[in-house]
Amino acid sequence: MPVIIEGSLEELDCRKWSLNFLKDKIGACPVQCRGKTDLESYRKGIKYCIHETTVGEYIADLQNGHKRSTSRYLAAQNIKRAFPQIGDASFVPKFISENKIHAGPFLWIARNGHYEYTHVDPDEGCLMILEGEKSVRLISNVHWDVLEPNALGSLGRTVQSRK
């Protein structure tokens, strides 16, 4: 059952995170980001490519409205492993980690208007929006067959849909 918890960032160091803060602290870190995310084949979870960049270059592209920023998505970066410089400021809340092993926390940075293909994450989740907004559609696990899983999903991690 989904729950919305408001005001929970008050005690967290990550509350002060912003694009400029992240660019300053982890800008030199190499990352892989998804490419061609503006195409219908991505929206359907059929195909995307991977680009090597740095956090700083990715964020600068977003801030400057560079053409690359309209078709890239920095997804699923494990904060503790990829960005130890900010790892201590992030954690998986006790109400999540006590009940289920979780491989995160993870960092995602997307452009305004980014559309993510339909997928299911097997871990319990705690989504914290630091800036902007996100729409989420919930699907009962009784109706997972409507997702029509495809081969792009990571076995045991994410089930991606062809819909």
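In what order do the four strands of the open sheet run? The order is 2-1-3-4, and the pairing is antiparallel. Strands here are DSSP runs of E with at least two residues, helices are runs of H or I with at least four, and both are numbered from the N terminus. Two strands pair if DSSP finds at least two bridges between them.

Some ground rules. This is a predicted model, where local features need pLDDT of at least 70, side-chain atom pairs count only at pLDDT 80 or more, and totals for chains, interfaces and linings use all residues. Residues are numbered from 1 along each chain as its sequence is written, and side-chain values use heavy atoms, with hydrogens and water left out.

Back to the sheet. In general, strands of a sheet pair through backbone hydrogen bonds. Strand 1, residues 30–35, pairs with strand 2 in the antiparallel sense over six bridges. In that pairing, P30 faces T54 of strand 2.

Now helix 3, residues 55–64. Helix 3 packs on the sheet and touches strand 1, strand 2, strand 3 (72–78) and strand 4. Contact means heavy atoms within 4.5 Å. The direction of helix 3 makes about 100° with that of strand 2. Axes are lines fitted to C-alpha atoms, for helices over the stretch in contact, and angles run from 0 to 180 degrees between N-to-C directions.

Which residues of helix 3 are buried? They are V55, G56, Y58, I59, D61 and L62. Buried means under 20% relative accessible area, exposed means over 50%, and partly exposed lies in between, with a 1.4 Å probe and protein chains only. The cover over these residues includes helix 1 (19–26) and strands 1, 2, 3 and 4. After helix 3 comes G65, with a positive phi near 65°.

Two residues of strand 1 next. Take R34, which lies in strand 1. R34 is buried, because its relative accessible area is 14%. Its side chain makes a polar contact with the side chain of Y42, at 3.0 Å. A polar contact is a pair of N or O atoms within 3.5 Å; within protein, one must be able to donate a hydrogen and the other to accept it, and residues adjacent in sequence count only if both atoms are side-chain atoms.

Then Q32, also in strand 1. Q32 is partly exposed, because its relative accessible area is 43%. A polar contact of 2.8 Å joins its side chain to that of E52.
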